[in-house]
Amino acid sequence: MEENPTSLRHTRGDVYLVLALAAASVVFAVLYNTTSYWPFKGPLWLICLMSILVTLPLIWRRRYPSQMAWIQTAVFVTAQVLSIMEPGVTQIIVFMGVYSVGAWQGNRKTAFISRLLLCAGIFVYLLVSTGVQFKAIGDMTVLQFAAASAVSFLINIAFFGGAWLFGNRAWSQRNLFNELRSANAEVRSQEQQLTRQALDLERVRIARELHDGIAHHITGVGIHAAAARRSLEKNPDKARESLKTIESSTRETVDELRALVYTLRDTDDVTTSEDSAKGNPGLGDVPELIDASHRSGQQIEFHTIGRPRALTPITEMSIYRVIQESLTNCRRYAGSHAEVDVRLRYGTTKLEVEISDSRSPAALREEPHREPESPVKQPGLGLGIVGMRERMSALGGTLEAGPKSRGGWLVRAQIPYPRNVADAEIDAAAPAAIETATETGDGPNASSITDSTAKA
């Protein structure tokens, strides 16, 4: 495994570890010397100095693990032979040295040989020490001395064997962590590449929507401008009507351009590919969307209320997206047990779409209900409720979404009719208003109504 040079530098934790172990070893040395529990053959300051010297190499345990362990062992054995080393905390310090070889030595063959020779040297020292102690056996029997020596050997085997085992385990965990980090970097690189590809597809989709939603308005403006120019002198009324149409078309074009900015988050791959093949979706595609949801297991009732009006492509696409996103959320959160009701209501001045789901008791037990509105992006269209609300706001409409009092979820969107549709409604209502005013004698005359309609 190739090491990162930055990871081999000693950290603040290494410094704290050295200070803590050195301080603990010094404290034990003072306690041993005060109680005369351990026979030292040197002054107290020298014993404390040995405790610091055996601990200090741990600062470089990451960059030079084998050299650090050998220096520690040499200081430890020398001090033990001279009886100027406390036997408590220093064993933990040597344990950390052997452990660090397994955890940080990059060349695994070097790590194995270094630890093998290190452990062999320590056991040779134990054998020599045991032989020296045998000469001064004193009042102990041979059996007692053999048992005490066996206990010492077993403790050292468990001690250094544990350091060997835990060092290898730390190396494996670091190796796994580095692999995961590399995989994460590769995933992020792939994500950036996919994002760039999605942006390219988005540019194509935007160009298509600009062409399909706005180009016909510009063409109509050119035709009516030519008609107005030709009839300006001979037929001023016709020229005025053409200019009125130009005004309405340009306003509608500006509205659609502004609304298109808020649709840039709509980057669902499946939807984009389908729309690229058959053009921008509209209200005529809603029955097909309902059928697709039926096939996926949803129980949906679709109702159209009122007389359908002529709408602009951007308006139809926005309503379609609201229905599509709402059905997706119903399928995701309410499940297959829910009954979904979709209502498209044509009012006098605005269009309203309402999508609600009602969940059965089985669904309430089996599936958790959705959380309140959240801007966190999830698979689907846009940003969920946030994206739908921005679509409606761009076209001058509103969107409400929230739980129902009897259970389930409700999405209600209201969007005003485009200016050309509203103007057509006013023009259609003018003759009826004139007739009513003439019969009752209470309203304005025909000429005043015609003037007010023209101003509108």
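User: Happy to be looking at this one with you. How many bridges join S4 to strand S5, and in which sense do the two strands run, parallel or antiparallel?

Analyst: In general, strands of a sheet pair through backbone hydrogen bonds, in either a parallel or an antiparallel way. Here, six bridges join S4 to S5 (residues 409-416), and the two strands run antiparallel. Please keep in mind throughout that this is a predicted model.

User: Which residues stand opposite each other along that pair?

Analyst: You can follow the pairing along S5. Thr398 stands opposite Gln414, the bridge partner of Leu399 is Ala413, and Ala401 faces Val411.

User: How many residues lie between S4 and S5, and which turn residue has a positive phi?

Analyst: The two strands form a hairpin with five residues between them. In the turn, Gly407 has a positive phi of about 100°.

User: Now let me zoom out. In what order do the strands of the sheet lie?

Analyst: The open sheet has five strands in the order S1-S2-S3-S5-S4, with mixed pairing. At its edges are S1 (299-305) and S4 (398-403), each of which pairs on one side only. From one strand to the next, the twist averages 10°.

User: Which strands pair in the parallel sense?

Analyst: S1 and S2 do, over seven bridges. Within that pairing, His303 stands opposite Arg343 of S2.

User: And how do S2 and S3 run, parallel or antiparallel?

Analyst: S2 and S3 run antiparallel and are joined by eight bridges. They form a hairpin too, with three residues between the strands. Arg345 is a handy place to look, as it stands opposite Glu352 in S3.

User: What joins S3 to S5?

Analyst: Eight bridges, with the strands running antiparallel. For a landmark, find Leu351, whose bridge partner in S5 is Ile415.

User: How should I picture the side chains on such strands?

Analyst: As a general idea, side chains in a regular strand alternate between the two faces of the sheet.

User: Which helix packs on the sheet, and which strands does the helix touch?

Analyst: Look at H10 (residues 313-334), which packs on the sheet and touches S1, S2 (339-346), S3 (350-358), S4 and S5. The direction of H10 makes about 10° with that of S3. Another helix to find is H12 (residues 385-394), which lies across S4 and S5 and runs at about 155° to S4.

User: Let us turn to helix pairs. At what angle do H1 and H4 cross?

Analyst: To read such a pair, check the approach of the axes and then the angle. The axes of H1 (residues 12-35) and H4 (residues 89-104) come within 8 Å and cross at roughly 150°. That angle makes H1 roughly antiparallel to H4.

User: Which residues make the contact?

Analyst: From H1 come Leu17, Leu21, Ala24, Ser25 and Phe28, while H4 supplies Val89, Thr90, Ile92, Ile93 and Met96. The residues of this contact divide into eight nonpolar, two polar and no charged.

User: How many aromatic pairs does a search of the whole structure find?

Analyst: The search finds five. One of them joins Phe95 and Phe159, an edge-to-face pair at 5.3 Å centre to centre with 65° between the planes. Phe95 lies in H4 and Phe159 in H6 (residues 142-231), so the pair ties together parts that are 64 residues apart in sequence.

User: Finally, what is the average pLDDT of the protein?

Analyst: The average is 75, and 72% of the residues score at least 70. Over residues 267-277 the pLDDT is below 50, and beyond near neighbours in sequence this stretch has 13 contacts in the model. Residues 361-383 also have a pLDDT below 50, with 46 contacts beyond near neighbours in sequence.

Technical notes
Residues are numbered from 1 along each chain as its sequence is written. This is a predicted model: local features need pLDDT of at least 70, side-chain atom pairs count only at pLDDT 80 or more; totals for chains, interfaces and linings use all residues. Side-chain values use heavy atoms; hydrogens and water are left out. pLDDT is the predictor's confidence in each residue, from 0 to 100. Contact means heavy atoms within 4.5 Å. Axes are lines fitted to C-alpha atoms, for helices over the stretch in contact, and angles run from 0 to 180 degrees between N-to-C directions. Helices (H or I, at least four residues) and strands (E, at least two) are DSSP runs, numbered from the N terminus. Angles under 35 degrees count as roughly parallel, over 145 as roughly antiparallel, 65 to 115 as roughly perpendicular and the rest as oblique. Ala, Val, Leu, Ile, Met, Phe, Trp, Tyr, Cys and Pro count as nonpolar, Asp, Glu, Lys and Arg as charged, and the others, Gly among them, as polar. Two strands pair if DSSP finds at least two bridges between them. Rings of Phe, Tyr and Trp (its six-membered ring) pair if their centres lie within 6.5 Å; planes under 30 degrees apart count as stacked, over 60 as edge-to-face and the rest as tilted.
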